[in-house]
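Hello,

Here is the structure I promised to pass on to you. Please open it beside this email, and then read on for what turned up in it.

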Amino acid sequence: MSTITEIAILVLAAFVGFEVISKVPNTLHTPLMSGTNAIHGIVLLGGLLLMHEAHGVLEHVLLVIAIMFGTINIIGGFFVTDRMLGMFKRKPEPEAAPAEEGGVAEPKQVPSAGSDGKGA
Amino acid sequence: MLAPAVFLQRLNFIDACYIVAFSMFIYGMSGLTGPRTAVGGNKIAATGMAIAVIATLLTPHVLSGSATPWLIALGLVLGTAIGIPTALNVRMTAMPQMVALFNGVGGGAVAIIAWIEYRHRFGGLYPEKTEIPTLFAAIVGSISFWGSGIAFGKLQAILPSRPIKLPFQAFINAGLFVIAVASAIVLASGTHSQALFILGVLVAAALLGIMVVLPIGGADMPVVISLLNAFTGLSAAATGIALNNTAMIVAGMIVGASGTILTNLMAKAMNRSVPAIVAGGFGGEIAAPARGDTDRGPVRSTTPDDVAIQLSYARQVVIAPGYGMAVAQAQYAVRDLEKALEAKGVRVLFAIHPVAGRMPGHMNVLLAESQVPYELLKAMDEVNPEFQRTDVTLVIGANDVTNPAAKNEPGSPIYGMPILEVSKSKSVIVLKRSMASGFAGIDNPLFYEPETSMLFGDAKQSVSEVTAAIASL
């Protein structure tokens, strides 16, 4: 692949990254950071690709460490994210049947200006 | 008729797998942005990762050599054996340091790979386009590894969480940066003593990573972790260019881009700029507090029984949690309190400051763990107008995010940071271990205001006592 193609891919990927993140609710910032954190474990591929070219003990040891690091990054990242997100799952509560976001069963008070769900 | 077959033949199977993999990363990540699709999104991204790894292992020559498959297997097995138990056993409250740790090992892998790349490809033989990305990856990966290590140490309380400052810090950092870049330039232009200079690059960048994170105080830590996360992403993308690997380019870059946005969002929430945070943490000026501590006036302390009475007769109660709730593991006790109050007909809201805790969304994760309904969690902008009609605000282990000095005292280090305006409610009860100041090391005038009373003690125990007292009313 030519350098220019690679840079084009790089730039497009940057825009995808910007676009995807710009509409995330605060609540999900931690799982999101953790999830993206797992994705950069992709560096593992670098370790895999280089192993057969390695010479000498030092390089082999370093690459085993790199592969180990990459694997910890990926596995740890995805598992931790999964655990965190599992906590956001709504438990089947009986009264949670009506609308999801805005008007969930508040006690019957006069709906003051603040209860409009996701404004701002 | 023939065209599709030819097309398929030309389309390399491995590359096709990579395209599938990075599509799944992007699709999975967009899933992560909604509460309902997030779990699935994460699994999709993980599947994409598995496809990318398997495709790489199927690449010609990757498993060639008698020892290669075993060494690769060794690395994978070790990583899995360490990663899974760590991820499954970590407590939710320790999440920030886990993210720092996983981020750090990613950066470490990048630095090692760049080093090996360098040893192989450039003995003056390949002064090609791959050189600059490799050197970039070496510098940034090394910063990320060591910086994350320090962040982990601080959050895990192995290192003191207060800012650690050296004299001439800025000069030292600038010097290290110059050394790292200069060594890289020497490497990129000359052909002499590569081994030495690449180590110079890695070591100078390592010291820089350490020196940049050491002076950063607890309150700025989330921003720094997010920044380092973006760094690791960028360095992974650079490694991808060096190795001609599309999956790495795309995955690394979307992490780099999204991490940058996230870092900015977080810095904005604190009304600080990222360069200001990197240049030195909060608390750099604690030596000169805006006013002496003496003229603050007396502090009123209260008892769980009094708090219980106040809460039960309130119409609306806002709970503002902070890092103290995480440390005390009080989220379940807080959920019980919320239920007890609801049973009495009190409307309860949770006020979530964007940087409460040590990560954005830290409080949300903890409260979700204890099954507080999602609808009760209100972001700062939503909840600030509510304080005026709130009878009692319960501040649980949150200090800096409720500190009125951020609004009223231009001399304060956190001046300008948006806060939860808890003092607008009729009364404020602050649950706190002692009168020590928060992570930022700044005194909080809120504690001395006439409508504030303090309930000293472990947050979990205090909340449980209040709940018990409410039940017995």
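Below is a short tour, from the overall picture to the details.

Please keep in mind from the start that this is a predicted model.

**Chain B as a whole**

Chain B contains 18 helices and six strands. Of its 473 residues, 55% count as buried. Among the contacts in chain B with a separation of 6 or more, 79% are between residues 24 or more positions apart.

**The strands to look at**

What pairs with β5(B)? Strand β4 of chain B, residues 392-396, runs parallel to β5(B), with five bridges between the two. Thr393(B) has Val428(B) as its bridge partner in β5(B), and Val395(B) has Val430(B). Strand β6 of chain B, residues 452-456, is also parallel to β5(B) and is joined to it by five bridges.

**A pair of helices in chain B**

Packed helices have their own simple description: the angle between their axes and the distance between the axes. How do helix α2 (residues 13-31) and helix α3 (residues 38-58) of chain B pack, and at what angle? Their axes are 7 Å apart and the angle is about 165 degrees. The two helices, α2(B) and α3(B), are therefore roughly antiparallel to each other. Their crossing is left-handed.

**Where the chains meet**

The contact between the chains takes 81 residues from chain A and 102 residues from chain B. On the side of chain A that touches chain B, α1 (3-21), α2, α3 and α4 (56-86) of chain A each supply at least two residues. Which of these helices gives the most to that side? The answer is α4(A), with 26 residues.

The average pLDDT of chain A is 75, and 70% of the residues score at least 70. Confidence in chain A is highest in helix α3 (residues 44-50), at 94, and lowest in helix α2 (residues 29-39), at a mean of 86. Over residues 91-120 of chain A, pLDDT stays under 50. For that stretch the model has 21 contacts beyond four places in sequence. Where pLDDT is low, the predicted coordinates should not be read in detail.

Enjoy exploring the structure, and do write back with any questions.

Best wishes

Terms used. Residues are numbered from 1 along each chain as its sequence is written. Chains are lettered from A and ligands numbered from 1 in the order in which they are written. This is a predicted model: local features need pLDDT of at least 70, side-chain atom pairs count only at pLDDT 80 or more; totals for chains, interfaces and linings use all residues. Two strands pair if DSSP finds at least two bridges between them. Helices (H or I, at least four residues) and strands (E, at least two) are DSSP runs, numbered from the N terminus. pLDDT is the predictor's confidence in each residue, from 0 to 100. Two residues are in contact if their C-beta atoms, placed from the backbone, lie within 7 Å. Axes are lines fitted to C-alpha atoms, for helices over the stretch in contact, and angles run from 0 to 180 degrees between N-to-C directions. Angles under 35 degrees count as roughly parallel, over 145 as roughly antiparallel, 65 to 115 as roughly perpendicular and the rest as oblique. A crossing is left-handed if the near helix is turned anticlockwise from the far one by less than a right angle, and right-handed if clockwise. A residue is buried if 20 or more other C-beta atoms lie within 10 Å of its own, exposed if 12 or fewer, and partly exposed in between; C-beta atoms are placed from the backbone.
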